[in-house]
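I opened this notebook to keep track of what I looked up, one topic at a time.

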Amino acid sequence: MDGIVVTGRGVVSPVATGVEAFFDALLGMQGGISEDGIAPCAEFDPETTMTPKEARRTDRFAQLAIDAAHQAAAEADLPNGVDPRRIGVIVGTGVGGLTTLQAECKTWLEEGDRAVSPLFVPMMMPNAAAGQIAMRLGLHGPGFSIASACSTGAHSIGEAARMIQRGEVDAMIAGGTEAALVGLCLAAFRRMGALSRVGESRPFDTRRDGFVMGEGSAILVLEREEHARARGAQIFARVTGYGASNDAFHITQPEENGRGAIEAMTDALADADLAPSDVGYVNAHGTSTPINDRVETIALRKVFSDDGPPVSSCKGAVGHTLGAAGAIEALACVEALRRGALPPTLGLEDIDPECEADHIAGAPREAPDVKVALSNSFAFGGQNATLVLEAA
């Protein structure tokens, strides 16, 4: 895959809103996990981009995406002067409008049919974020939502890049969003045994005991390079590789030998026409669950051998943002390439011998020569996505 560039960036995260503040926070080892063991976007105010009425009629997962999309589109100066039929939107979510779903179910059970909001469906449906973004920006190209749990954000960016590659569009608004910090969802993950019992996210650490749920959204503007250069847009990075695979093994656990993860990474590198030795940084899926981190390490060793590139996970800082994670982590790769600095894994202090790698821990690492970064996303359902990003 070549000729596809990043010309716009937007993010709302538990550590900061806006790209510069977000990456500064990662490099500064600022954590967004609260004493309650969740990672909310505590400072987010939807009324910075929406009217109070619009905000009341929009679920939080879409509010987060709208804010991030406005940031990205403004930076890319789109759709100014560009045919809106040639700009599409793919913004995915793992679970959609759970805040609305939980509230309306409670209302219905307690008060009956006539108490249910007529806005229930348009607020909670998973494609609401993509639809709202298209409406607000006036975009008439292809638009839809992808749902592949924790790989959603990466799949959205990868599939958007493919649409540009096929010539179907000139630019895409692509990313992921999630706002699932509601009692029902937290109880479900807790009952599953996926959440940390002590409310700490420690990817690859001996003390890791599960993930911490976060919320957020990240959006990238992807564009055909010729198109971006013709209109004088700034280019921040390139998307050069995308690999997707399916474990077909278990609905929540990865295959112990890492087969699906290995295939996603090797396919993405082949798509980028790169060798493993070309990669200068891996942003791991790194959830802080015992099995995921161990299996991802097995896969990294298989792809990169024992002398692999530096590795870190954003989830120590922002928690696991489910459908937004892949997009937030792709954005972290864009900034690592652009600034020549690699963020550390917050919470990683005692590396598990079964997770040995060149981990970035304790402090960020200067990497002025890094040119290629790889971002992993592995989901419940066994659906995997890897992106390769290169410096502009």
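The entries below follow the order in which I checked things.

**Entry 1: the model.** I noted before anything else that this is a predicted model, and I kept that in mind while reading each value.

**Entry 2: cysteines.** How many disulfides are there? I reminded myself that a disulfide is a covalent bond between the sulfur atoms of two cysteines. The count comes to zero disulfides. I then looked at Cys-150, which takes part in no disulfide, since its nearest cysteine sulfur belongs to Cys-185 and lies 10 Å away, whereas the cut-off for a disulfide is 2.5 Å. Cys-150 is buried, with a relative accessibility of 9%.

**Entry 3: salt bridges.** I turned next to charged side chains, because side chains of opposite charge can pair when their charged atoms come close. The structure holds 31 salt bridges, and I followed a few of them.

I began with Glu-200 and Arg-202, whose side chains meet in a salt bridge with an N to O distance of 3.0 Å. Glu-200 is partly exposed, with 36% relative accessible area, while Arg-202 counts as buried at 12% relative accessibility.

My next pair was Arg-207 and Glu-349, which form a salt bridge whose closest N and O atoms are 2.6 Å apart. Arg-207 lies in the loop between helix 8 (183–192) and strand 5 (216–224), and Glu-349 lies in the loop between strand 9 (341–342) and strand 10 (365–366), so this pair ties together parts that are 142 residues apart in sequence. Arg-207 counts as partly exposed at 42% relative accessibility, and Glu-349 is exposed, with a relative accessible area of 59%.

I then checked Arg-208, which forms a salt bridge with Asp-352, the closest N and O atoms being 2.8 Å apart. This pair too links distant parts of the chain, 144 residues apart, with Arg-208 in the loop between helix 8 and strand 5 and Asp-352 in the loop between strand 9 and strand 10. Are Arg-208 and Asp-352 buried or exposed? I found that both Arg-208 and Asp-352 are buried.

Finally, I noted a network of salt bridges that links Arg-9, Glu-20, Asp-24, Glu-75, Glu-335, Arg-338 and Arg-339.

**Entry 4: strand 11.** How many residues of strand 11 (residues 372–378) are buried? I recorded seven of its seven residues as buried. Both faces of the strand are covered, with Val-372, Leu-374, Asn-376 and Phe-378 on one side, and Ala-373, Ser-375 and Ser-377 on the other.

Which strands pair with strand 11? Strand 7 (residues 281–283) pairs with strand 11 in the parallel sense over three bridges, and Val-282 stands opposite Leu-374 there. Strand 12 (residues 383–391) pairs with strand 11 in the antiparallel sense over seven bridges, and in strand 12 the bridge partner of Asn-376 is Thr-386.

Notes:
Residues numbered from 1 in each chain as written. Predicted model: local features only at pLDDT ≥ 70, side-chain atom pairs only at ≥ 80, totals over all residues. Heavy atoms only, no water. Buried < 20%, exposed > 50% of the residue type's maximum accessible area, 1.4 Å probe, protein only. Salt bridge = Lys/Arg side-chain N within 4 Å of Asp/Glu carboxyl O. Helix = DSSP H or I, 4+ residues; strand = E, 2+ residues; numbered from the N terminus. Pairing = 2+ DSSP bridges.
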